[in-house]
Amino acid sequence: MAKNIDRYTYRVTWSEEDQEHVGLCVEFPSLSWLAEDPEQALQGIRQLVQDSVSDMLQNNEQVPEPLSSKQFSGKFMVRVPPETHRQLTIEAAESGVSLNRLISSKLHQPRM
């Protein structure tokens, strides 16, 4: 069981509101675990996920598939306002690249 929960996507962040670290799991968005120490927050959310998965299996409920196990096509549709579409198309044409290439490069820009 422990090996299966290791495939889930965990994150620990600081909660200014709670003044503690909060452990989260992307596949179980309703679960969280607060702790003073980030390692304890991770350990807590992992245990909570393990307990939840055990309960779900006992109740014959569907257990979320880990994101790490999913296959992604690399395609997704994004709706934007028509003027944004026009501006991006013009920018792509002026740069001599496809709209797809322009948007892909914008998505790959480093985060600040």
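Three salt bridges are counted in this predicted model, a salt bridge being a side-chain nitrogen of Lys or Arg within 4 Å of a carboxyl oxygen of Asp or Glu. The model being predicted, local features need pLDDT of at least 70 and side-chain atom pairs count only at pLDDT 80 or more, while totals for chains, interfaces and linings use all residues. Residues are numbered from 1 along each chain as its sequence is written, and side-chain values use heavy atoms, with hydrogens and water left out.

Let us start with D6, which pairs with R46 at 2.1 Å between the closest N and O atoms. Helices (H or I, at least four residues) and strands (E, at least two) are here DSSP runs, numbered from the N terminus. D6 is partly exposed at 46% relative accessibility, and R46 is also partly exposed, at 27%; the term covers values between buried (under 20% relative accessible area) and exposed (over 50%), computed with a 1.4 Å probe on protein chains only.

Helix 3 (residues 82-95) holds both E83 and R86, three residues apart and thus separated by about one helical turn. The closest N and O atoms of this salt bridge are 3.2 Å apart, and E83 is partly exposed, with a relative accessible area of 41%.

A further salt bridge joins E91 and K106, with an N to O distance of 3.1 Å. E91 belongs to helix 3 and K106 to helix 4 (residues 99-107), so the pair links parts 15 residues apart in sequence. Both side chains belong to partly exposed residues: E91 has 30% relative accessibility and K106 has 34%.
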